[in-house]
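Here are a few friendly notes to keep beside you as you look through the model.

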Amino acid sequence: MASVQQYLSVLAGAQSGANAEAQRAAAQMQIELKTGDPRNAINVCMQLIARGQPLEARHFGYGVLQHVVAKRWSQFTQPERQELAKLVYDKLSECGAVPADEPPEPFMIKSKVATLMAQVVRQEGVGMWSSIMPEMAAGACSESPVQAELSALVMRYVAEDVAVYNSDILGGRMKELLYGLTSTLPQALPAMYRLLEVHFSAAMNANQAGNTPLAKAHAAAVSAALSAAAVYGEWAPLAPLMRSGMLDACAHFLSSPEFRSQACEVLRHVAHRRRGDTVNSAIASGAAGVAGGKGLADHAALAAAGVGDRKSVV
């Protein structure tokens, strides 16, 4: 059995395009971890994904963990599943709590840990989602751009796994998971709306202060929320979508160069669905209002920034 240091050495060598032998060895190691004892795979990969390890090792480790959770979950006892779920949640929390004086986690890592959390939810079911939803909503409402971004990513990936990429979920379990998603909409949608308000405004303020890295961090949170909203717009009941203000915010984001494309995607998903005259009218008036003046998202940001003209946030 290879040690963690041996994995690190092989993975480092595999980064060179000229080192075909190391690349073959890395591929073989991945196969052995995926098909071998899943408990050993978790032990090794938890060390590989630790902050401070090389990026290629962390990418490798998360890839194996996703496979183990997706394909080997049934081989764990219930206490082991609970412990693994806790380990993944702790990694998510760790990713969102990087000290301000240290480099932030790259998006690839944030995406990987959020995807892994979503996969755990998919396997454990509605109970797991309901139990972490309060923390996800609080994270989305947080003033920390990293916590907000991670929470939005998890909400997006859980919705994608359950409501979009669901061909391998059986009927009864599908109904249970969809019910779980729908029952948490009163928490998820207002939290995403609050994220858009807080972090668009913060991005504007940071940009005007000349703090480009901070402006980009807040803009990443806004982008993650809009991506999540696009997924929810495909399946979520239209009434809570309208009540949350998300569609109104997206209509006004159509005048933002940075977020216009994502906002348009949210509205496109909703517009093709069958809906009543109330929703038709709201979407039409919201889109028409973009050309006539500043709206909800603009006023929130501009009031906080103390300016009257919109500028690029990144």
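1. A salt bridge here is a side-chain nitrogen of Lys or Arg within 4 Å of a carboxyl oxygen of Asp or Glu. By that rule, the structure holds eleven salt bridges. As a reminder, side chains of opposite charge can pair when their charged atoms come close.

2. Before the details, a word on the ground rules. This is a predicted model, in which local features need pLDDT of at least 70 and side-chain atom pairs count only at pLDDT 80 or more, while totals for chains, interfaces and linings use all residues. Residues are numbered from 1 along each chain as its sequence is written, and side-chain values use heavy atoms, with hydrogens and water left out.

3. Have a look at Glu105 and Arg58, which form a salt bridge with their closest N and O atoms 2.9 Å apart. Glu105 sits in the loop between α5 (78–95) and α6 (107–124) and Arg58 in helix α4 (residues 55–71), so the pair ties together parts that are 47 residues apart in sequence. (Helices, H or I of at least four residues, and strands, E of at least two, are DSSP runs numbered from the N terminus.) Both Glu105 and Arg58 are buried; buried means under 20% relative accessible area, exposed over 50%, and partly exposed in between, using a 1.4 Å probe and protein chains only. The two residues also belong to a salt-bridge network that links Arg51, Arg58, Glu102 and Glu105.

4. Next comes Glu149 with Lys110, a salt bridge whose closest N and O atoms are 2.6 Å apart. This pair links distant parts of the chain, with Glu149 in helix α8 (residues 145–164) and Lys110 in helix α6, 39 residues apart. Glu149 counts as buried because its relative accessibility is 4%, and Lys110 counts as buried at 9%.

5. Glu160 is buried, with a relative accessible area of 13%, whereas Arg156 is partly exposed at 22%.

6. Finally, confidence. The protein averages a pLDDT (the predictor's confidence in each residue, from 0 to 100) of 84, and 83% of the residues score at least 70. Over residues 276–283 the pLDDT is below 50, and this stretch has six contacts (heavy atoms within 4.5 Å) beyond near neighbours in sequence. Residues 289–311 also stay under 50, and the model gives them 42 contacts beyond four places in sequence.
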